[in-house]
Amino acid sequence: MEMMEDTDIIELEDVFGLNGQIEHKLAFLKQYVPRNIKLVLIGHSIGCYIILEMMKRDPDLQVLKSLLLFPTIERMALSPQGKLMTPVLCKLRYAMYVPVYFLSFLPESIKASMVRLVLRGLQSLDESSIPASVTLFSVDCVANAMYLGSQEMVQVMDRDNPTIEKNLDKIIFYYGSNDQWCPEQYYEDIKKDFPEGDIRLCERGIRHAFVLNASKEVASMITDWLHADLAFL
């Protein structure tokens, strides 16, 4: 990854870590987006945590709306999927690099077939997810993703209630009804703490990894959400 050349932006340390990813997004906005531009921030999973941190660290961002989809913004290691993945990400991730290294030498067609085999149970599989998934047959990609994941398990614990309260009118939360990363109990808890917030529970059966088979449905849904806000710009 090439670092930004703007001399006003400090070269980021640990750019593939959680803090580095947050600062990277803020640095991007600083370099490329004028400060008076109104922003719509859309995050999925850990991207929702990153958005809340961006709004906290730079409260002068002109955020019109933040859409937090299937938000992993608290107790990640204590979630059902977190309990399973924390040992893998924090203690066993190096063992994963060896098989990925050997798999990376396979022809692209075989990699694609393997992805299709793994995802065969999904209805209406989005074909564009196949080439994207094939890129995961890379040690660098897997190493960076698992390194970031290991930090998420340790650092994403307490929900940032002060930042949420300060920006509550700008945020839409969308929780899954069967999400193993942010279970329905997390929805119930935040709904109780912020009864005036726009906090929604999915009634469409959309999975956490919606990009695999429901990206168009989610895109249409959030377009409807934003219509009123964007109409007055």
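**Helices and the largest pocket**

Colleague: Which helices each supply at least two residues of the lining of the largest pocket?
Modeller: This is a predicted model, in which local features need pLDDT of at least 70 and side-chain atom pairs pLDDT 80 or more, while totals for chains, interfaces and linings use all residues. Residues are numbered from 1 along each chain as its sequence is written, and side-chain values use heavy atoms, without hydrogens and water. Helices are DSSP runs (H or I, at least four residues), numbered from the N terminus. At least two lining residues come from each of α3 (80–91), α4 (93–103), α5 (108–118), α6 (129–134) and α7 (139–155).

Colleague: Which helix gives the largest share of that lining?
Modeller: A pocket is an open set of points on a 1 Å grid over the protein atoms alone, where a 1.4 Å probe fits, with protein on both sides within 12 Å along at least five of seven lines; lining residues have an atom within 4 Å of a point. Nine lining residues, the largest share, belong to α7.

Colleague: What is the volume of the largest pocket, and which residues are closest to its centre?
Modeller: The volume, meaning the space filled by probe spheres set on the points, is about 1500 Å³. The lining has 37 residues, and the closest to the centre are M85, L136, V142, A145 and M146.

Colleague: How many lining residues are nonpolar?
Modeller: Ala, Val, Leu, Ile, Met, Phe, Trp, Tyr, Cys and Pro count as nonpolar, Asp, Glu, Lys and Arg as charged, and the others as polar. The lining has one charged residue and nine polar ones, and its nonpolar residues number 27.

Colleague: How are α4 and α7 oriented to each other?
Modeller: Their axes (lines fitted to C-alpha atoms over the stretch in contact) lie 9 Å apart, and the angle between N-to-C directions, on a scale from 0 to 180 degrees, is about 160 degrees. Angles over 145 degrees count as roughly antiparallel. The two helices, α4 and α7, are therefore roughly antiparallel.

Colleague: Which residues make that contact?
Modeller: Contact means heavy atoms within 4.5 Å. From α7 come V139, V142, A143, M146, Y147 and S150, and from α4 come R93, M96, Y97, V100 and Y101.

Colleague: How is α1 oriented to α7?
Modeller: The axes of α1 and α7 come within 8 Å and cross at roughly 100 degrees. Angles of 65 to 115 degrees count as roughly perpendicular. So α1 is, relative to α7, roughly perpendicular.

Technical notes
Angles under 35 degrees count as roughly parallel, over 145 as roughly antiparallel, 65 to 115 as roughly perpendicular and the rest as oblique.
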